Structures are given as C-alpha cells and as structure tokens.
Amino acid sequence: MLKEGAMQVERIPTSNLADKPLLSTLVDFANNAFDDRMQHYPEMGFEGKRFEKAEDFLEEMGPDGVTFIQYAAGSHETEGSGQIIATAGCKPFKNTSKLTERVESMREERHARERGLRKDQGSKHEAFYTKEHEDQLQHQAEKIGAMVHKDGQEDVPRFEVMTVCVRPDLQGRKMADKLVERVTEEVSSQVKEAGKGPEFKLVVRLIKEFNEKYWLSKGFKPVGEQFFEPGLFGSPTGFHIMDMTRDHRTS
C-alpha cells in the first residue's frame, strides 16, 4: 500500500527522453492507462493504442515539452528509474492537430502492410490502414487545426496540459490534481522568464464523452469542439474533440 505523500516526482524535458529506456516505459504506462479508460466506455468501440510507437510520444510533446513523472516511494534513485504511478506534462499550445502526424504514420504503416512487411497482417487493426481511413483522418485533422478558441483573448499565452495519467488502482487520491499543480507552476515560471503575462491559460484537448466532466470540475471551460465521424478509430458512434481552458496569473 502506498502512503500519501510518500512519492517522488521527476521533471524531464522531452529532449532528455529520446533514445532512453524510460521512454518505452512511459509510453507503455500511458497506453495501459488509456486502455483502462476505454474499458469504461465499451459503446465507443475504440481500437488501437494511445501511442502506436515511442516516437509518437516525442512528436506529441514537441521539443519544448516537459513531463512530470511520479514514482512510488523508494523506487526512484536515478533519472528514469522507479515504478511510475502518475504522469502529467505541458508544452506551448499550438492549434494544430496531432492527427496530421498520425495520418503520416498510418500511411507508412499501410505501405509496409501492402508490401507484406508486417507480422500482424490480418489483425483486427487492419481496417485502420486503408487509404479511405487516411483520407477521413486527414479531413478531421484539418477541421481540428482550424478550431478557434472563442474566448476573446487570443494574445494571452497558452500552454497545453498533456498525458495526464494515474495508475488505475491509485485513482481517486488526487495525484492528477497535484501533478497538474506542478504543471501550472512550470508554466507560470516559463511565462515569467519569457517576460510575458501576467495572465496565461492552460489548455486541455480531450475527448468530450470521456473527460469533459472531470475537467469542468477543475475549473476548465469549453472554448471549441469538433465532431469526429463514425468509423474513425473503430468508433461506431463518432465522438467530439473539445478544447477547454483555465485562466491563471503568474505567481
């Protein structure tokens, strides 16, 4: 049993993750947390992983991203060692869609499959790797990239909160809240050092059907959304991608 307050947190810039064993461990942790979340919404019919490969995590976080990793007590001695129990990250917000990179990755995967280079040929994920699905995703990527935040404060610095995950058996202990507080402190420091502010906004980009209620309870407000058509990522119902923001001032 983990005791409250008996955890260790490590701050790691994206540049420190490349080509290190910790990256694969971190991606596996995020994928497992995503899979657990999906089990609570079987009607959505999602298939596939949160991150198909380790490089997807680096691309999504970007060169200026920072990830906070919380470890179980006594398990963390050197950088990247220890039992991960929670994560959260941040990066400067850019209103572009992560799907653009995903489409390119899927296109490469489809070409490999067409050449018979994949061992899992004929698996349940085979339907993802079609030209039709790529075109659907490209269309949605363009819609997401064009999403405008309707809050009338375009000049305020914005930072996106990324990859908030907690080990399923430890949820409900406010670990995510505490890591988001660390993220907020990080952003406040960056805004201050850049001579910007004092106001800034945190942004979360999420699947509305899964996470809207949680982030509403944390003071975030919806500022834009787009509907994803049925069939994408195996969902028979379709789903909404939503942006939410929360106002802050540098400390």
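**Strand 4 and its surroundings**

Q: How many bridges join strand 4 to strand 5, and do the two run parallel or antiparallel?
A: Strand 4 and strand 5 (residues 199-207) run parallel and are joined by 3 bridges. Two strands count as paired if DSSP finds at least two bridges between them. Helices (H or I, at least four residues) and strands (E, at least two) are DSSP runs, numbered from the N terminus.

Q: What kind of model is this, and what limits apply to it?
A: It is a predicted model, in which local features need pLDDT of at least 70 and side-chain atom pairs count only at pLDDT 80 or more, while totals for chains, interfaces and linings use all residues. Residues are numbered from 1 along each chain as its sequence is written, and side-chain values use heavy atoms, with hydrogens and water left out.

Q: Which residue of strand 5 stands opposite Phe159?
A: Leu202 of strand 5 stands opposite Phe159. Pro92 also stands opposite Phe159 of strand 4. Strand 3 and strand 4 pair in the antiparallel sense, over 6 bridges.

Q: In what order do the strands of the sheet come?
A: The order is 1-2-3-4-5-7-6, in an open sheet of 7 strands with mixed pairing. Its edge strands are strand 1 (8-13) and strand 6 (221-228), each of which pairs on one side only. Neighbouring strands are turned by 20° against each other on average, direction ignored.

Q: What joins strand 6 to strand 7?
A: There are 7 bridges between strand 6 and strand 7 (residues 239-249), and the two run antiparallel. Pro222 stands opposite Met244 of strand 7.

Q: Back to strand 4: how many of its residues are buried?
A: The count is 8 of 9, so strand 4 is largely enclosed by the rest of the structure. Buried means under 20% relative accessible area, exposed over 50%, and partly exposed in between (1.4 Å probe, protein chains only).

Q: What is the phi of Thr163?
A: Thr163 has a positive phi of about 45° although it is not a glycine. This residue is in strand 4 (residues 158-166), and Thr163 counts as buried at 15% relative accessibility.

Q: And Lys174: is it buried or exposed?
A: Lys174 is exposed, with a relative accessible area of 54%. Its phi is also positive, near 65°, in a residue other than glycine. Lys174 lies in the loop between strand 4 and helix 5.

Q: What unit do strand 4, helix 5 and strand 5 make?
A: They make a right-handed β-α-β unit. A crossover is right-handed if, with the strands pointing away from the viewer, the path from the first strand over the helix to the second runs clockwise.

Q: How many residues does helix 5 have, and how far does it reach?
A: Helix 5 (residues 175-193) has 19 residues and reaches 27 Å from its first C-alpha to its last, close to the 27 Å expected at 1.5 Å a residue. That expected span is 1.5 Å times one less than the number of residues. Among the buried residues of helix 5 are Met175, Leu179, Val183, Val187 and Val191. Gly195 follows the helix, with a positive phi near 70°.

Q: Which residues does Val204 touch?
A: Val204 touches Val161, Trp215, Phe220, Met242, Asp243 and Met244, not counting residues up to four places away in sequence; contact means heavy atoms within 4.5 Å. Val204 is found in strand 5 and is buried, with a relative accessible area of 3%. Val204 and Glu160 are 44 residues apart in sequence and 5.7 Å apart in space, C-alpha to C-alpha.

Q: Changing topic: where does helix 1 lie?
A: Helix 1 (residues 21-38) lies across strand 1, strand 2 (66-71), strand 3 (84-92) and strand 4, and runs at about 100° to strand 3. Axes are lines fitted to C-alpha atoms, for helices over the stretch in contact, and angles run from 0 to 180 degrees between N-to-C directions.

Q: At what angle do helix 1 and helix 2 pack?
A: Helix 1 and helix 2 (residues 54-61) pack at about 85°, with their axes 9 Å apart. Helix 1 is therefore roughly perpendicular to helix 2. The contact is made by Leu23, Leu26 and Val27 of helix 1 and Ala54, Phe57 and Leu58 of helix 2. Angles under 35 degrees count as roughly parallel, over 145 as roughly antiparallel, 65 to 115 as roughly perpendicular and the rest as oblique.

Q: What does the secondary structure of the whole protein chain come to?
A: The protein chain has 6 helices and 7 strands. Of its 251 residues, 46% count as buried.
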